[in-house]
Amino acid sequence: WDQFTTASQLTKNFVPIYEGRSVVCLQMSNTDAALKDINQAIGIAKSAELFVNRGVVHQFMGDNINAMRDYQAAILMDPDYGLAYFNSANILLLHRQYNQAIDNLNTAIDKCYMKDESTYQNRAIAKAFNDDASGAFRDLCEALKYDKYSTHIYMNRALLLYKMENFKLAEKDLTTAISLSPNDALLFELR
């Protein structure tokens, strides 16, 4: 923080300084200072990345409305910026707007090529709540291609398999999850 502050006094209007200090402030749980710095950066130069970063600050502050506004601003500025779709989908998931979350995650995956375990796992969760068990299962299998050591993916897939009454495979996934996180009592309880 001190180095970013010194740099801001030596070099005016340099976006990475304010963006970097905003991140440090957020890590220090000083959300007001983080918001002030990211606003300073946006005042110098607007970009989809900066709007997404400010949206994250808003989320840390518990302000999902302004976070969503920033994610939408990022999408308008750069329709190919996948992280804006991903973050807005997370807010939609929180508000149980599963169809819209799926649409945003589809865009992140198909249009923006944001293919990773988190995107597929979040879409699987939205599909599961939308009673699309087979689609959720396919997404969890896809997520495992990107991170085969994720306890959460195995646990979520086990819960889905249990719901689908495939108890043998559910138990196998829970056993795998336990091997990855042997100190997690919840996994033992679920199995």
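Select E165, which lies in the loop between α10 and α11 (167–180); helices here are DSSP runs of H or I with at least four residues, numbered from the N terminus. The model is predicted, so local features need pLDDT of at least 70 and side-chain atom pairs count only at pLDDT 80 or more, while totals for chains, interfaces and linings use all residues. Residues are numbered from 1 along each chain as its sequence is written, and side-chain values use heavy atoms, with hydrogens and water left out.

E165 is not a glycine, yet its phi is positive, at about 60 degrees. Most residues other than glycine have a negative phi. E165 counts as exposed because its relative accessibility is 62%, where exposed means over 50% relative accessible area with a 1.4 Å probe and protein chains only.

Next, go to S29, in the loop between α2 (15–27) and α3 (31–44). S29, also a residue other than glycine, has a positive phi near 65 degrees, and with 63% relative accessibility S29 counts as exposed.

Finally, select A124, I125, A128, F129, A136, L140, N156, L159, L160 and K163, which line the largest pocket. A pocket is an open set of points on a 1 Å grid over the protein atoms alone, where a 1.4 Å probe fits, with protein on both sides within 12 Å along at least five of seven lines, and lining residues have an atom within 4 Å of a point. Colour α8 (117–129), α9 (133–146) and α10 (151–163), as each of these helices supplies at least two residues of that lining.

Terms used: Buried means under 20% relative accessible area, exposed over 50%, partly exposed in between (1.4 Å probe, protein chains only).
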